[in-house]
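This briefing is intended to accompany the sequence and coordinates shown below.

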Amino acid sequence: RRVSSDLMRTQAMVQNWPQMTQDYSAIVKELHSGPGSQGVMKSFSAMARAALEPKALDTKTKELIALAVAVASRCDPCIAFHGKAAAAQGATRQEVEETIATAIY
């Protein structure tokens, strides 16, 4: 029940992207420690690490792709997470703007 109420509260604050990211991070952290979801979350984290490992594409490019997918699928928490991650990987404002523009094209 707590996770559900946190999700509803966060969705009501969609204009506050930093707060949304913080709230969803707390929810994900809670899921990582939940007895019924530990295995799933561990596997999800392993998949994310593998997907973001730099190979033909660097991590910044992969985060920009993830941001575009998040925008196209209208996933507000995903937009917040991948926008923050792209910035952490060195994406410029211009790169993020172009990514978003391409996603909505």
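Are α2 and α3 parallel or oblique to each other? The model is predicted, and in it the axes of helix α2 (residues 17-33) and helix α3 (residues 38-52) cross at roughly 120 degrees. Angles of 65 to 115 degrees count as roughly perpendicular and those over 145 as roughly antiparallel; α2 and α3 are therefore oblique to each other.

**Overall composition**

- The protein chain contains 6 helices and 0 strands.
- Along the sequence, the elements of the protein chain follow the pattern α-α-α-α-α-α.
- Of the 105 residues in the protein chain, 24% are buried.
- When contacts in the protein chain between residues at least 6 apart in sequence are considered, 49% of them join residues at least 24 apart.

**Packing of α2 with α3**

- Two packed helices are described by the angle between their axes and the distance between the axes.
- On the α2 side, the contact is formed by Val-28, Leu-31, His-32 and Ser-33, which meet Gln-38, Met-41, Lys-42 and Ser-45 of α3.
- Sorted by class, the contact of α2 with α3 comprises 3 nonpolar, 4 polar and 1 charged residues.

**Thr-21 in α2**

- Thr-21 is located in helix α2.
- The relative accessible area of Thr-21 is 7%; because buried means under 20%, Thr-21 is classed as buried.
- With residues up to four places away in sequence left out, Thr-21 touches Ala-80, Phe-81 and Lys-84.

**Helix α5**

- Helix α5 covers residues 76-88.
- Pro-77, Ile-79, Ala-80 and Ala-86 are the buried residues of α5.
- The packing partners of these buried residues are α2 and α4 (59-72).
- Ala-80, one of the buried residues of α5, is also among the residues that Thr-21 touches.

**Disulfide**

- The structure holds 1 disulfide, which joins Cys-75 to Cys-78 with an S to S distance of 2.2 Å.
- The link of Cys-75 and Cys-78 is right-handed, with 55 degrees about the S-S bond.
- Cys-75 has 22% relative accessibility and therefore counts as partly exposed.
- Cys-78, at 28% relative accessibility, likewise counts as partly exposed.

**Gly-90 and the loop after α5**

- Where is Gly-90 placed? Gly-90 lies in the loop between α5 (76-88) and α6 (93-104).
- Gly-90 follows α5 and has a positive phi, near 100 degrees.
- With a relative accessible area of 43%, Gly-90 is partly exposed.
- Not counting residues up to four places away in sequence, Gly-90 touches Lys-60 and Glu-95.
- Gly-90 and Thr-61 are separated by 29 residues in sequence, and their C-alpha atoms are 9.9 Å apart in space.

Note on methods. Residues are numbered from 1 along each chain as its sequence is written. This is a predicted model: local features need pLDDT of at least 70, side-chain atom pairs count only at pLDDT 80 or more; totals for chains, interfaces and linings use all residues. Side-chain values use heavy atoms; hydrogens and water are left out. Axes are lines fitted to C-alpha atoms, for helices over the stretch in contact, and angles run from 0 to 180 degrees between N-to-C directions. Helices (H or I, at least four residues) and strands (E, at least two) are DSSP runs, numbered from the N terminus. Angles under 35 degrees count as roughly parallel, over 145 as roughly antiparallel, 65 to 115 as roughly perpendicular and the rest as oblique. Contact means heavy atoms within 4.5 Å. Ala, Val, Leu, Ile, Met, Phe, Trp, Tyr, Cys and Pro count as nonpolar, Asp, Glu, Lys and Arg as charged, and the others, Gly among them, as polar. A disulfide is a pair of cysteine sulfur atoms within 2.5 Å. Buried means under 20% relative accessible area, exposed over 50%, partly exposed in between (1.4 Å probe, protein chains only).
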